[in-house]
2 protein chains.
Amino acid sequence: MQAGQPSSIRATRGVRKPAKRVTAAVRPLRDAERTRASILAAATAEFARHGLGGARVDRIAEGAGSNKRMLYYYFGDKEGLFQAVLEQTYSDIRKAEQKLNLLDASPEDGVRRLVELTWAYYIAHPEFLTLLNSENLHEARHLKKSLRIREMNSPLIETLAELLRRGQRAGTFRTGVDPLQLYISIAALAYFYLSNRHTLSTVFGRDLFSAAERKARVAHMSAMVLGFLASVPPASRRRAR
Amino acid sequence: MQAGQPSSIRATRGVRKPAKRVTAAVRPLRDAERTRASILAAATAEFARHGLGGARVDRIAEGAGSNKRMLYYYFGDKEGLFQAVLEQTYSDIRKAEQKLNLLDASPEDGVRRLVELTWAYYIAHPEFLTLLNSENLHEARHLKKSLRIREMNSPLIETLAELLRRGQRAGTFRTGVDPLQLYISIAALAYFYLSNRHTLSTVFGRDLFSAAERKARVAHMSAMVLGFLASVPPASRRRAR
DNA sequence: TAGCCTTATAACCAAACAGTTAATAAACGA
DNA sequence: TCGTTTATTAACTGTTTGGTTATAAGGCTA
């Protein structure tokens with residue numbers, strides 16, 4: 001931990017004795033919420049880049065422009081901090097999910113938008129992918145401990161179930177589709193491609209993160225999900241004869 | 001590193017002075033290949049369980065029933081060992097892929113078997129998933145360095161392309177499907193579900209690794225891939241009118 | 001303005017860490 | 001059987017690690 005460059009926030013603190021500053025009201029020197037938030041942000045970046053095992057507590061403190069002691073003061077220990085990062089990350093995605101209005105269009109357009117928005121969210125929040133990979137490596141140990149996350153349930157499964165019902169009633173969607181399986185599949189098509197793009201690009205000698213390839217991927221994902229839903233299951237095809 | 005219990009392999013070495021043993025010819029006390037292999041196996045388990053950052057060199061040496069120095073002797077350093085583990089892992093999956101005979105059945109059955117065998121391979125080799133996640137966290141750094149892996153190319157893309165051509169000729173598969181996109185999607189449907197099963201099971205309150213759920217998942221994956229391939233793309237549907 | 005709780009800092013610590021040294025013994029060819 | 005090479009071990013090293021101690025100072029309240 002280098003003591004060299006203090007963050008701009010605290011740059012004024014090095015000054016000899018400004019005593020009772022008027023500016024202190026605007027930007028208080030001691031702000032628990034701001035410090036906590038900056039540690040959480042630095043920790044998110046560090047855990048996302050290096051995983052839980054590779055993350056360094058000293059780097060997080062430095063990245064937060066704060067002190068290692070503060071990290072333990074607010075979060076207990078490294079794993080407590082990791083859990084807090086997961087809680088924040090899940091809270092963010094749940095908030096984004098709640099903003100989605102998928103039920104005000106046709107079932108086809110609703111599903112297509114879900115595919116596209118899932119893709120867009122993963123691109124905009126790459127830390128979500130690596131943090132989740134880390135947590136799964138640890139068999140969801142921290143997630144199981146977190147009451148906060150276990151209480152947040154995703155509204156998307158119910159929305160997807162409603163879209164499926166409407167499409168089936170209209171005769172354009174096949175029957176017998178489990179909404180959770182479908183949701184996992186939509187996530188899978190986007191997540192795996194993005195999370196594993198480095199090894200995939202290397203092995204297949206194709207830059208899968210280029211603009212052209214990314215565009216092709218969304219098209220393929222939508223075609224796959226909607227093609228599946230539009231298709232007739234073998235059983236009812238036999239009956240239809 | 002505890003020196004307590006030597007592995008059964010080397011248990012005889014502690015004995016005072018058996019001098020020139022006849023059994024030495026059967027199981028030589030010094031066997032470079034055997035030591036190398038046991039270090040590689042222990043390292044695979046350790047990296048798979050803890051990731052590159054969380055893996056401990058001491059634990060690997062102990063798990064191999066060998067010595068830390070041997071690890072550096074054969075593999076240079078921790079990252080060199082990780083690269084060797086990746087090379088072995090890729091070599092194994094490529095060997096398994098080559099045994100697949102997907103072209104001696106109908107296109108539908110060929111694709112279904114590919115889906116099922118991909119699933120079965122990931123279940124039988126869970127270390128493949130976590131090692132790949134680790135390598136992607138490091139942006140495929142080791143994979144890019146490895147000439148050995150870059151030389152192994154998967155025969156599956158070409159096989160899949162041939163299956164697609166046959167299905168299209170028979171009129172049962174849709175046109176305009178990129179074999180690589182399809183291959184990635186098949187892998188995605190299995191990989192994401194298995195790799196993220198801990199967080200998914202926790203969040204959705206459903207044990208996704210139970211026998212019943214696993215069976216349901218393969219059925220869903222097959223239905224999705226085959227349903228997609230059987231469906232008619234919107235463009236040609238318009239033309240077909 | 002004195003007192004007190006909260007927020008912050010720097011220096012510190014023991015354990016764990018990746019990697020090394022030096023010495024030794026098996027294996028093997030001459 | 002001797003000398004060289006190769007495989008192996010235990011003990012060691014300097015550094016990094018997660019976590020702690022001791023102390024100070026901001027800022028609210030009475």
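**Note on the structure**

1. Within chain A, 69% of the contacts between residues at least 6 apart in sequence join residues at least 24 apart; two residues are in contact if their C-beta atoms, placed from the backbone, lie within 7 Å. This is a predicted model, in which local features need pLDDT of at least 70, side-chain atom pairs count only at pLDDT 80 or more, and totals for chains, interfaces and linings use all residues. Residues are numbered from 1 along each chain as its sequence is written, while chains are lettered from A and ligands numbered from 1 in the order in which they are written.

2. The secondary structure of chain A consists of 13 helices and 0 strands. Helices (H or I, at least four residues) and strands (E, at least two) are DSSP runs, numbered from the N terminus. Of the 241 residues in chain A, 38% count as buried. A residue is buried if 20 or more other C-beta atoms lie within 10 Å of its own, exposed if 12 or fewer, and partly exposed in between, with C-beta atoms placed from the backbone.

3. Helix H5 of chain A (residues 107-124) has 18 residues and spans 25 Å from its first C-alpha to its last, close to the 26 Å expected at 1.5 Å a residue. The expected span is 1.5 Å times one less than the number of residues in the helix. Among the buried residues of H5(A) are A:Val111, A:Leu114 and A:Trp119. The cover over the buried residues of H5(A) includes helix H9 (156-170), helix H10 (179-195) and helix H12 (211-230) of chain A.

4. Chain B can be laid on chain A with an RMSD of 0.0 Å by a turn of 180° and a shift of 0.0 Å along the axis, which is the relation of a two-fold axis. In chain B, the C-alpha nearest the axis belongs to B:Phe228, at 2.2 Å from it. The superposition is by least squares on the C-alpha atoms of residues with pLDDT of at least 70 in both copies.

5. The contact between the copies takes 43 residues from chain B and 43 residues from chain A. On the side of chain B that touches chain A, H10(B) gives the most, with 11 residues. That side divides into 21 nonpolar, 17 polar and 5 charged residues. Here Ala, Val, Leu, Ile, Met, Phe, Trp, Tyr, Cys and Pro count as nonpolar, Asp, Glu, Lys and Arg as charged, and the others, Gly among them, as polar. Because 100% of the interface residues of chain B are also interface residues in chain A, the copies meet through the same surface.

6. Around DNA strand D there are 25 residues, of which A:Lys78, B:Arg30, B:Ala32, B:Thr35 and B:Arg69 come nearest; a residue is near a strand if its C-beta atom, placed from the backbone, lies within 6 Å of it. The surface near DNA strand D has 10 nonpolar, 3 polar and 12 charged residues. Its largest share, 4 residues, comes from H3(B).

7. Most residues other than glycine have a negative phi. A:Glu139, in the loop between helix H6 (126-137) and helix H7 (141-145) of chain A, has a positive phi near 55°. A:Glu139 counts as partly exposed, with 14 C-beta neighbours inside 10 Å. B:Ala140 has a positive phi of about 60° and is buried, with 22 other C-beta atoms within 10 Å.
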